[in-house]
Amino acid sequence: MKLITEEFEELFRDYPLYSQEEVKDPLIVAKLFDPCGSATWYLTEYDPVEKIAFGYVTGLQEDELGYTSLVELESIERPFGLTIERDLYFVQKSLFECIE
């Protein structure tokens, strides 16, 4: 799945990097997930020039807030030709709602 589409970039138009830095419970704009594993990325901000997103990742060694390269996520190949996917049915909600 191509993650960086015009639709994806439009979702983040009002949420460039650092735009929610002072917000206690930031809005999750998009959700990405590994269909073969437990990793999930809840993205709050995105820079279309650098193709870097900020958000909360779960299901790896530790759950944490941090930066993620969308180019790197798109390059991950999983078994059976699967790739990291965007949850097309995800409804934007706050970070605390997502991690509860």
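Begin by selecting glutamate 10, which counts as partly exposed because its relative accessibility is 47%. The model on screen is predicted, and this stop shows the side chain of glutamate 10 meeting that of arginine 13 in a salt bridge, with N to O at 2.8 Å. Arginine 13 is exposed, its relative accessible area being 54%.

Next, select glutamate 7 together with arginine 86, which form a salt bridge whose closest N and O atoms are 3.3 Å apart. This pair links distant parts of the chain, since glutamate 7 belongs to helix 1 (residues 6-11) and arginine 86 to strand 6, 79 residues apart. Arginine 86 has a relative accessibility of 10% and therefore counts as buried.

Move on to glutamate 9 and lysine 51, another salt-bridged pair, in which the closest N and O atoms are 3.7 Å apart. Lysine 51 sits in the loop between strand 3 (40-47) and strand 4 (52-58), whereas glutamate 9 is in helix 1, so the pair ties together parts 42 residues apart in sequence. Lysine 51 counts as partly exposed at 26% relative accessibility, and glutamate 9, at 29%, likewise counts as partly exposed. The count of salt bridges in the model comes to six.

Finally, select Met1, Leu88 and Tyr89, which make a nonpolar surface patch of about 400 Å². Tyrosine 89 is placed in the loop between strand 6 (85-86) and strand 7 (93-94), and with a relative accessible area of 76% this tyrosine is exposed.

Methods: Residues are numbered from 1 along each chain as its sequence is written. This is a predicted model: local features need pLDDT of at least 70, side-chain atom pairs count only at pLDDT 80 or more; totals for chains, interfaces and linings use all residues. Side-chain values use heavy atoms; hydrogens and water are left out. Patches are made of residues with over 30% relative accessible area and no salt bridge: like charges are joined within 9 Å, nonpolar side chains (Val, Leu, Ile, Met, Phe, Trp, Tyr) within 5 Å. Accessible areas come from the Shrake-Rupley method with a 1.4 Å probe; for residues, only the protein chains shown count as cover. A salt bridge is a side-chain nitrogen of Lys or Arg within 4 Å of a carboxyl oxygen of Asp or Glu. Helices (H or I, at least four residues) and strands (E, at least two) are DSSP runs, numbered from the N terminus. Buried means under 20% relative accessible area, exposed over 50%, partly exposed in between (1.4 Å probe, protein chains only).
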